[in-house]
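Please keep the viewer open as you go through the points.

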Amino acid sequence: MADGYAKRKLQSERNLALALTKALREIQATNMSTIENLKLGTQRLINYGSCLIPDDYYRNACRELINEDRRLTLALAEIYNRNDVALDMVEIYFRKTLKILGEKKVAISLSFLKGN
């Protein structure tokens, strides 16, 4: 009986050690991700420092940064406002493809697909 208790205790301690190890790995991964994001944010902030330098080269770099951020904001707003982004992308792809092919080739393709 004592042998069974010792095995169960050893097994539960092993499970606890595995859970603790897994938790520590996840904490480390989260911390590394946070540090990487902080690094990227700091680089972005330093890049915005170019807006303070009165030189044409740095002003152009500043304008590019602002345009990138504006474009990102507009893209995020568009994604938020749409119901199904993937479906919209597929629809846009096929509309452009059909426009490139032209009406005559589209009609031929549709008749081929229908089996006529």
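Buried means under 20% relative accessible area, exposed over 50%, and partly exposed in between, using a 1.4 Å probe and protein chains only. This is a predicted model, where local features need pLDDT of at least 70, side-chain atom pairs count only at pLDDT 80 or more, and totals for chains, interfaces and linings use all residues. Residues are numbered from 1 along each chain as its sequence is written, and side-chain values use heavy atoms, with hydrogens and water left out.

**The disulfide**
- Searching the whole structure turns up one disulfide (a pair of cysteine sulfur atoms within 2.5 Å).
- Its partners are Cys51 and Cys62, with an S to S distance of 1.8 Å.
- The disulfide is right-handed because the torsion about the S-S bond of Cys51 and Cys62 is about 90 degrees.
- Cys51 sits in the loop between helix 1 (2-48) and helix 2 (56-81), and Cys62 in helix 2, so the pair ties together parts that are eleven residues apart in sequence.
- Helices here are DSSP runs (H or I, at least four residues), numbered from the N terminus.
- Cys51 is partly exposed at 32% relative accessible area, whereas Cys62 is buried at 10%.

**Ser50 in the loop**
- Ser50 also belongs to the loop between helix 1 and helix 2, and its 8% relative accessibility makes Ser50 buried.
- Beyond neighbours within four places in sequence, Ser50 is in contact (heavy atoms within 4.5 Å) with Tyr58, Ala61, Cys62 and Leu65.

**Tyr93 in helix 3**
- Tyr93 is part of helix 3 (residues 85-101).
- With 51% relative accessibility, Tyr93 counts as exposed.

Terms used. Helices (H or I, at least four residues) and strands (E, at least two) are DSSP runs, numbered from the N terminus.
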